[in-house]
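I opened the model and kept notes as I went. Entries follow in the order in which I looked things up.

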Protein chains: 2
Amino acid sequence: MTRRNPNLAKLQGGYLFPEINRRKMELLERDPAAKIIGMDVGNTTQPLTPFIAAALSRYAAELSTPEGYSGYGHEQGLNALREEIAKSYYRGLVAADEVFVSDGAKCDIGRLQLLFGAGATFAVQDPSYPVYVDGGVIMGQSGDFKEELRYFDGITYWPCTPENNFFPDLQTSPAADLIYWCSPNNPTGAASTKLQLQELVKFARTHRAIIIFDAAYAMYIQDPALPRSIFEIEGAREVAIEVNSFSKMAGFTGVRLAWTVVPRELCFEGGEPVITDWNRIMTTIFNGASNIAQHGGLAALSDTGQAEVQGLISFYMENAALIKGTLEDLGVQCWGGKNAPYVWARFENCSSWQAFEHFFEKAHIVTTPGVGFGPSGEGFLRFSAFGQRHDVEQACERLQKLLR
Amino acid sequence: MTRRNPNLAKLQGGYLFPEINRRKMELLERDPAAKIIGMDVGNTTQPLTPFIAAALSRYAAELSTPEGYSGYGHEQGLNALREEIAKSYYRGLVAADEVFVSDGAKCDIGRLQLLFGAGATFAVQDPSYPVYVDGGVIMGQSGDFKEELRYFDGITYWPCTPENNFFPDLQTSPAADLIYWCSPNNPTGAASTKLQLQELVKFARTHRAIIIFDAAYAMYIQDPALPRSIFEIEGAREVAIEVNSFSKMAGFTGVRLAWTVVPRELCFEGGEPVITDWNRIMTTIFNGASNIAQHGGLAALSDTGQAEVQGLISFYMENAALIKGTLEDLGVQCWGGKNAPYVWARFENCSSWQAFEHFFEKAHIVTTPGVGFGPSGEGFLRFSAFGQRHDVEQACERLQKLLR
């Protein structure tokens, strides 16, 4: 008889977004005319830019010609794209053959756990994007869920709050085999400083841990002093893997294109190079990203593409400024929104869900309760800046009416 | 210090295709004018058909318009595509919400192992497509590799040869939690009969095992009496998962689109529905197939698309008939090639690699040594029918000159 992977039973239900959807449905039943504005999901809304869409469309059309057709490519991605990522995105900080193109950062994070298997321990920012914890739990890298604490046993959670400048006290932290670190952060919008990342790399080097650095929002960094890649930090090549994506950069959330960098210097305890195993995993249970998407990625990294991408990013960052400005004018304490498309707002004396409820019921604005990303998100709401401008403006008006 | 997943060390190097490539390079160094014809890889060569390519191209172009843009979709796939697969491909044998769209059958097979985890045991056809064994080994479902036997400890291998009509003696077989079954088979080209699949389902029901049925070549079945889906077999819904793909059907090897069906009735030992866990896995570490590819899939399943697809399949099956006819005329015993795009040829008194060497050195034809798919493939070569017609014809001429 076939048993269920016992680790799946440890997982908590995908509670957050289904619960939000349930409440939306319920509201629309009570008030079918309600004009709900979603500021919850980090889903891009602006059309693909002309140059990039034309490249996708042209490549797809040419697949019907003998000259333009292509079947399986390398599982690691098109050479041209790997080279372009190394050259134009990383400016030579990494080599083309250290770049592995894929269909998504979330998918790569799922696969990365296979490098380490069930015995590995890990540390994670609290709050954080759910896939690090859930992926590790499925792989058997945790104990059971503790309902009262809302923590899994065996995982090291690093509370990251305004009080510690969204950075843990590493002096007092236990070691872990793996460290998931997301900067600019989803959900808090905090972008780690160079000094913080230097400390993180030092911690990893001291404990010989491996950092899995999620840089999916790196292109949203506006402050030139902030690192866009972990590989800008000296010594990172021996201790870090970087996951990155075209999703938020170029609006490819639906098109699906991402990459992971595994530097040659990165080794396991026994000295085995991690890149060799990653290559084996990617060639064994992956078969390459869509060739159409990869040609879109090439267009996105060209000069014309990058100019267009900057326009998209500016648009969303203007949304973020509108949201943050409005909330701050109304006396709400906010973080993020400057180098990330998320605004992290604190509501004193009420829980995340109470704050959610308030905006939802009184202004028909959907946010994400911060506690859904981890216990240290309690008392916060995440506002996503990925909306249509008209919706963002209207949401701001409603907030003003409600909070003034 | 961070340890390597110990299961990765058990894996054998991706030996087969790298070794073939090494020999190609060596030949071209010796004889730069050599015109090598590849009949080794199962990679599609014919352009996408006009209607399907137009749909891909049009959808990509429309992503640059406010009306046409789409960000993240459901991780499980577009509702329209799930419905079309259930309705037009399965003719109602499965429900739309049992269909999970993905980026590839190989990728799904990698993820499926997460349902069962490290403790599960499995049985597999010998010879077989490498991902079943390699994926299971990475997940910790095997012992060590036994060099002499070329078997992993702890895996049940079912020799499938012409002598047993490519079907194991299930009476004497031990039970296993999981059964990987590929029909039409890669590499042997054997398509299981209804009676064989009834036996397989019966075996699974008796032992309460789960069949992972790989139907990636189902559209190549020409004989209407042969089942295209495991769900045509009574009782299969309680014991089987089916993996399928647009790769070989519509030339989507590079475009990337596939699906997996998990029936509601399928449960683990403890009664938990497998579909719930599969949904959790797909929503946790996957983020949907490319929306462009999914719209191509919709076009491929339409009446016009299916007519085009039949043209593609006929083309490759004519290649298969040419290859098989030529070999048989020359006295070579062959299987497959009738309901599958692979011809499985036996060469008496010589090993797979000796036979490979003969065709490679004397005729510059690249085949795949059968032993690369498992010990029971020894003495066989796989000929792929996915070539250009001109290459196939020329290869047949060379075979005639060489063997006559």
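Which strands of chain A does helix α12 lie across, and at what angle does the helix run to β15(A)? I looked this up at the start. Helix α12 of chain A, residues 352-363, lies across β14 and β15 of chain A. The helix runs at about 50° to β15(A). I note here that the model is predicted.

Entry: the sheet. I traced the strands next. Four of them form an open sheet in chain A, in the order β11-β12-β15-β14. The pairing is antiparallel. I checked the edges and found β11 and β14 (368-369) of chain A there, each pairing on one side only.

Entry: I turned to α11(A). This helix lies across β11, β12 and β15 (380-384) of chain A. I read its angle to β12(A) as about 15°.

Entry: Gly336(A) stands opposite Val343(A) in β12(A). I then went to chain B. There, β11 (residues 333-336) and β12 (residues 342-346) pair over 4 bridges, antiparallel. Trp335(B) stands opposite Trp344(B) in β12(B). I looked at the hairpin of β11(B) and β12(B) too: 5 residues lie between the strands, and Gly337(B) takes a positive phi near 75°.

Entry: domains of chain A. How is chain A divided? The domain assignment gives domain 1 as 14-43 + 305-403 and domain 2 as 52-301. I found 26 Å between the centres of the two domains, taken over C-alpha atoms. Their contact takes 27 residues from domain 1 of chain A and 34 residues from domain 2 of chain A.

I then asked what supplies the domain 1 side. In chain A, α11 (303-329), β11 (333-336) and β12 (342-346) each give at least two residues to the side that touches domain 2. The largest share, 7 residues, comes from α11(A). By class, I noted 12 nonpolar, 12 polar and 3 charged residues on that side of domain 1 of chain A.

Entry: chain A against chain B. How many residues of each chain are in contact? I found 74 residues of chain A in contact with 75 residues of chain B. Several helices of chain A each supply at least two residues of its side, among them α3 (50-62), α9 (274-285) and α10 (291-301). I also logged the classes for the side of chain A that touches chain B: 33 nonpolar, 29 polar and 12 charged.

Notes
Residues are numbered from 1 along each chain as its sequence is written. Chains are lettered from A and ligands numbered from 1 in the order in which they are written. This is a predicted model: local features need pLDDT of at least 70, side-chain atom pairs count only at pLDDT 80 or more; totals for chains, interfaces and linings use all residues. Two strands pair if DSSP finds at least two bridges between them. Domain bounds come from an automatic or database domain assignment. Two residues are in contact if their C-beta atoms, placed from the backbone, lie within 7 Å. Ala, Val, Leu, Ile, Met, Phe, Trp, Tyr, Cys and Pro count as nonpolar, Asp, Glu, Lys and Arg as charged, and the others, Gly among them, as polar. Axes are lines fitted to C-alpha atoms, for helices over the stretch in contact, and angles run from 0 to 180 degrees between N-to-C directions.
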